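Hi,

Here is the structure I promised to pass on, with a few notes on what turned up in it. Have a look at it first, then read on below.

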Amino acid sequence: MNAAAKTWLNSRLLHGKSTRLRFRISPPLLQCCAAPRSHLCHALFSTVEPSGVSRAHHPHDRSVDLDGTEGAHAFLIKTHFTRARSHTGRVSGAVHQPHLDSAAHVKFLVTSYVKNSSPEAAISVYACAREAGYELDCFAIPSVLKACGQVSCLRVGEEIHGFSAKSGFDGDVFVLNSMVLYLGNVEMAKAMHAYAIRTATGAYSDENMGVMLSTALIDMHAKCRNLASAHMLFDRLTQKNIVAWTVMISGYIRCCKLREGADLFKTMLEEGLLPNEVTLLSLIIECGSVKALQLGKQIHAYISRHRLDISLAVSAGLIDMYGRCSNTKYARALFDHIENRDFFTWSAMVSAYARAALVDQAFYRFVLMRAEGLSPDSKTIVNILLACTGTGAFAWGRRIHAFLNKCGMNDVILKTALVDMYAKCGDVVGARILFDEAIYRDICMWNAMIGGYGKHGFGKEALQLFREMEESGMKPNDMTYIVVLQACGHAGLVAEGKRVFHELVNSRMLIPKIEHYGCIVDLLGRAGLLDEAYEVIKSMPIKPNFIIGGFFYAASQLFKNSKMEMLASEQIMEMGPRSSGYDVLSSNIFAASNRWSDVEEVRRRMMNSRIKKEAGVSVIEVAIRG
């Protein structure tokens, strides 16, 4: 569904005009309404499907894809969110259920758009529902806030905050949790906590609800990385259930406090509380997210030592954890011991090889998975495409593209991954063809295409596409400005780059981050404008890192400016050791100044701490067998 058609439909609904659709006005919407949505039936309200053109969906995926969401959106708008019959004469359960109202429909549309990486559409649905006067409940608020966070839309987030307060939703713990996560503010979390304590009366005052509320607050503080407050709440619980233990241990792992998390797990066992499957799976997932391989192995050893029955869900979680930690050997060993492999275990194994950039192994497992009668979902295919992109395996990527065309899988996430793969593998023309063919383009697709132009030196094309994006109404995010500034830097478009950076600095929606300052310093340094680059560094509201210092130092060396080179070296020395790159750069600075004793000291420190310079690698694709 294109933006113009959606805007037209929403305006017809908001102004009370007839929403009878005509093919000459909007045929894509009628096709959406006529097409069957099997996922919509399962995930929304057990809908009776209207007949139409069939589409291939994964049998294990109960979520609604983007086409299904847009079809439901068009159908609900067409029927004014009231009782309606499909063109086959059967009542559509997605549109009319006795116990469901417009608030439930709005919540479904918002949530589904967010899950399909369409946050702008989710915010649009919320805005139209508010303007039309539809009654909204607290269940839609967390999803709208998540959408605002994805597109850095602070103003809408603040409006939702005010709407929640006026509507009385700010007493709901899940709305509070979502608001704090959206704002990302520890002080806000503390304020929400205080409010929950003040209003803990009535239904919230009984013992069971108190545990639930406290557990939700613990989770909120942990996700805001405020472990002190989370643990204080945890210690005050008179009855700690397995959920509270799981949330607290997961919080420590998420914040990379692995020793504390392991000790708390042991304490839980000593108190006689055994972890259930949900606890184990939660901890395994957290270990994978922070690449805590040793702790993940300990949890796996606990399961094996106590001979616990490992469900397919836990097995898939372990395989995924090992894959995220780049340990495909353990993942493969666990995978081989599973007799009745399901979709999730196969997907985890394919993704494990893909994350390790073993494209041939990932594709081989992908073929075997298909031979078992299982079709991978979009996440698995995106992982394979990312592996193809990272290794330059263009031929494998094109095979995946052919598979997607054959199966009819063409949601915006897959389209974006394909555009990114084609562009980074050198086929910018092919990437642009895919980009132009896309009916709906989210901000990630725009960024992928702009970045593809910039990577190959097409700076003017990147800038032109950036302006087209702004004219289309799509708001740039942080990554957009990074790829545009990089494109200007690679193409030597200094004036244009400075203009774009000035727009970012004066933007009310975004705040420049250290990556943006690094791009503009690199741009000015490449052009020999060292004085301007130094002024940018001095005016930074955040402390520059050694990468920015490295850009400035390299530019000073390139243009043989000894004064600026000295200033850059002093800045780098003040930053302190961060990585092997810092030590190597420090050694080179000392060597350039004939400070050989300092060079020897840096090298000795690297040797004692076993720091090694990462070796550069080159990858070429020779041939594909078969």
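His401 is buried, with a relative accessible area of 13%, because anything under 20% counts as buried. In this predicted model, His401 belongs to helix H22, which covers residues 394-407. Setting aside neighbours within four places in sequence, the contacts of His401 are Leu418, Tyr422 and Leu434.

Ala555 may also be worth a click. Its place is in helix H31, residues 546-558. Ala555 has a relative accessible area of 6%, so this residue too is buried. Once neighbours within four places in sequence are left out, Ala555 touches Gly525 and Leu530.

How do H13 and H15 pack, in terms of angle and distance between axes? Helix H13 (residues 242-254) and helix H15 (residues 277-289) are at an angle of about 10 degrees, and their axes are 9 Å apart. Angles under 35 degrees count as roughly parallel, so H13 is roughly parallel to H15.

If you want to select the residues where the two helices meet, H13 contributes Ile242, Thr246, Ile249, Ser250, Ile253 and Arg254. From H15, the partners are Thr279, Ser282, Leu283, Glu286 and Cys287. The residues of this contact between H13 and H15 divide into five nonpolar, four polar and two charged.

Definitions and conventions. Residues are numbered from 1 along each chain as its sequence is written. This is a predicted model: local features need pLDDT of at least 70, side-chain atom pairs count only at pLDDT 80 or more; totals for chains, interfaces and linings use all residues. Side-chain values use heavy atoms; hydrogens and water are left out. Axes are lines fitted to C-alpha atoms, for helices over the stretch in contact, and angles run from 0 to 180 degrees between N-to-C directions. Helices (H or I, at least four residues) and strands (E, at least two) are DSSP runs, numbered from the N terminus. Angles under 35 degrees count as roughly parallel, over 145 as roughly antiparallel, 65 to 115 as roughly perpendicular and the rest as oblique. Contact means heavy atoms within 4.5 Å. Ala, Val, Leu, Ile, Met, Phe, Trp, Tyr, Cys and Pro count as nonpolar, Asp, Glu, Lys and Arg as charged, and the others, Gly among them, as polar. Buried means under 20% relative accessible area, exposed over 50%, partly exposed in between (1.4 Å probe, protein chains only).
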